[in-house]
Amino acid sequence: MNTVHHGAPLYHLDFFGITTITFNLANVLMITIASAIVFLIAVISTRRLAMKPTGMQNFFEWVMDFVKNIINSTMDWKDGGRFHILGITIIMYVFVSNMLGLPFSITYKGDLWWKSPTADPVVTLTLATLVVALSHYYGVKLKGFSSYGKEFFKPFWFMFPIKIIEEFANTLTLGLRLYGNIYAGEILLTLLSGTLASTVGGAFAAIVPMLAWQGFSVFVGAIQAFIFCMLTMVYLSHKVSSDH
Amino acid sequence: MLTNSLVLGAAEAHGSNFNGGDIAFQLIMFLILMALLKKFAWGPLMGIMKQREDHIANEINSAEQSRTEAHQLVEEQRNLLKEARTEAQGLIENAKKQGDLQREEIIALARTEAERLKESAKLEIDQQKEKAVAAIREQVASLSVLIASKVIEKELSVEDQEKLINEYIQEGGR
């Protein structure tokens, strides 16, 4: 099992002597790379804007339409229009992040440097918490504090504890679903390439399942990005829409 | 001490260290990415999509407008054609009527002229006849006087003779 579990390049920042903040430098690197790729895609696709869209502009407009459809399927565009850019960022960032770990992984001095940033629960739970926090913020902002608070006692007052638990459960499931899918995919890829392919015969034997699993992981990564975006909009709509 | 286990507690395996670095970095990067996307991709694209929408709406409107305009023009042309046709019809009718009238007039004029000419000719003829008759009568009277005076030389005075002959001629001229 040692071949599967690599270390993480940790960096400890002394925070004014109060506490020590730990950075996983691999996460920092991969988050930066994923963000840079998304940003590059966005810049390239909007470099030459035209009334008649071509090439990358078409692609980006398709993404925008796709997210718009997701939002429209969960809430009114009048409420949901403000989340359009959030949805676009989430779906592109998560998708690119999921794809990053597929082609290879890089370990240096026993530390795992190149991987999917979404294969780390810290990253996915951060995103999930951000989404849930945003849902509460917009719930208060758009509906007022009293009607936001009343939502916790509907349909019966004794549902209150369950509603509270639901919020935490939402956060956890949203983050851990993404993490679990991507992490499991990477684990299997590492196993295939590391354990099975340690001999020449094993390498040949590993080619077919590697290809199959990579293809499947592309599919899973796309689906997970879609699900993450979809659930984000669902949670937001629960808090924002008045008809729920 | 590192993430040597598959369990979810991997994040807590960092010991007493607070792994807020990744969280903070992820949050900040995500917010920055969102702001950048909004500024460089979402804003311009929304603008151009809106522009396209407007453009299409305008095109549809103008197409609709030109269609109605064309329809109106065709209607107008048709009306004009109809008008022109009725006008031409009227003109022809008028001309025909005018021609008829003119013919009638000319004929009437010619007829009266002819009548007038005939009348004057007749008058002339009558005058000439009368003149001739008067001349002949005079001639005859003087000739008869001459003859009579030749025949009955002195029996009758010239005045008596003339009176007598005039009586005879009057009778004979009837």
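pLDDT is the predictor's confidence in each residue, from 0 to 100. This is a predicted model, in which local features need pLDDT of at least 70, side-chain atom pairs count only at pLDDT 80 or more, and totals for chains, interfaces and linings use all residues. Residues are numbered from 1 along each chain as its sequence is written, chains are lettered from A, and side-chain values use heavy atoms, without hydrogens or water.

Chain B has a mean pLDDT of 84, and 86% of its residues reach 70 or more. Residues 1-16 of chain B have a pLDDT below 50. Beyond near neighbours in sequence, this stretch has 22 contacts in the model (heavy atoms within 4.5 Å). Where pLDDT is low, predicted coordinates should not be read in detail.

An unreviewed UniProt entry places a "transmembrane region" at residues 23-42 of chain B; such annotations may be inferred rather than shown by experiment. These residues are 100% helix and 0% strand (DSSP runs: H or I of at least four residues for helices, E of at least two for strands). The end C-alpha atoms of the stretch lie 26 Å apart.

Gln26(B) sits in helix 1 (residues 20-151) of chain B. Gln26(B) is buried, because its relative accessible area is 1% (buried is under 20%, exposed over 50%, partly exposed in between, with a 1.4 Å probe and protein chains only). Contacts of Gln26(B), leaving out residues up to four places away in sequence, include Ile31(A), Tyr93(A) and Leu127(A).

Trp157(A) lies in the loop between helix 6 (145-150) and helix 7 (160-194) of chain A. Trp157(A) is exposed, with a relative accessible area of 65%.
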